[in-house]
Amino acid sequence: MKDIFHVYNVYDRLQTKRMQVAIAVIFAIIGMLLVTQLQIQSGISKKLQQESKQDLGEIIRDLDIEVRALQEERRDLEIRLVKYQNATEDQQLILNEAAHNLENLKIFAGLIGVKGEGVEVVIEDKQQFLDCYDLIDVVNELKAGGAEVLSINGIRITANTSFANESGGQIVIDKKKVSPSFIIKAIGNSETLSQAVGLLGGIQYTLTSYEGVTFEVARMESLEIPPTDFN
């Protein structure tokens with residue numbers, strides 16, 4: 001038992017010495033860190049103290065120049081950004097205008113169908129007294145009243161539409177024979193169009209002066225005129 005107690009005492013002493021050594025090492029490291037920190041602070045203070053007033057003034061001027069340069073660069077970037085935004089908007093306006101013009105050209109050429117308010121003129125001619133020139137007069141009156149798109153018996157009327165009279169009083173439009181009743185559709189302001197053909201002494205009064213001819217005008221909230229049939 002005596003040997004066992006001796007071994008424990010030796011082990012305790014060794015543990016105590018190890019702890020003392022460890023504590024000493026920790027204090028040494030802390031001391032080194034404090035010394036290093038003091039040296040660094042001392043170096044910075046000396047460096048600042050070594051700067052002359054002239055040097056500090058130059059540093060401040062340099063910083064001021066750099067700040068102004070950055071501010072000018074920011075303004076330039078803002079101006080360029082505004083220019084890019086305006087250019088994008090201008091391009092969009094040009095594209096929208098081009099698309100609008102293209103749409104009008106398609107309508108003018110009769111390539112697409114059109115829907116809108118307008119008038120429907122129904123002309124009866126039981127004696128077949130009327131010829132193609134009478135229909136042309138009606139079309140011109142409607143165009144003068146602001147008609148944007150027209151058709152006669154379903155045939156789209158454009159700048160290239162041909163009118164002709166055949167023997168026997170047959171009217172031909174774009175090589176297609178048409179007979180009464182003539183149904184003329186015109187898209188535009190319905191009130192203006194109805195007034196255009198209904199003027200006293202106008203085309204309505206002229207045609208209805210012929211025997212067997214009637215001329216009815218109806219204002220329509222919605223009309224649909226198909227594209228040109230090229231067949």
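Residues are numbered from 1 along each chain as its sequence is written. As the model is predicted, local features need pLDDT of at least 70 and side-chain atom pairs count only at pLDDT 80 or more, while totals for chains, interfaces and linings use all residues; side-chain values use heavy atoms, with hydrogens and water left out.

The chain has a mean pLDDT (the predictor's confidence in each residue, from 0 to 100) of 83, and 77% of its residues reach 70 or more. Helices (H or I, at least four residues) and strands (E, at least two) are DSSP runs numbered from the N terminus. Helix H1 (residues 2-50) has the lowest confidence in the chain, with a mean of 62, whereas strand E7 (residues 182-187) has the highest, at 97.

Turning to the sheet, E4, E5 and E6 form an open arrangement of three strands in that order, with antiparallel pairing; two strands pair if DSSP finds at least two bridges between them. The edges are taken by strand E4 (163-166) and strand E6 (176-178); each has a single partner strand, so one side of each lacks a neighbour in the sheet. On average, neighbouring strands of this sheet are turned by 35 degrees against each other, direction ignored. Axes here are lines fitted to C-alpha atoms, for helices over the stretch in contact, and angles run from 0 to 180 degrees between N-to-C directions. Four bridges join E4 to strand E5 (residues 170-173) in the antiparallel sense, and Val172 in E5 is the bridge partner of Ala164. Helix H3 (residues 132-144) packs on the sheet and touches E4 and E5 (contact means heavy atoms within 4.5 Å), its direction making about 155 degrees with that of E4.

Some backbone details in the loops also deserve a look. In the loop between E5 and E6, Lys175 has a positive phi of about 65 degrees although it is not a glycine. Lys175 counts as exposed because its relative accessibility is 82%; buried means under 20% relative accessible area, exposed over 50%, and partly exposed in between (1.4 Å probe, protein chains only). Gln128, likewise not a glycine, has a positive phi near 50 degrees and lies in the loop between strand E1 (114-125) and H3. With 45% relative accessibility, Gln128 counts as partly exposed. Finally, Pro180 and Ser181 are joined by a cis peptide bond with omega of about 5 degrees, and Ser181 belongs to the loop between E6 and E7.
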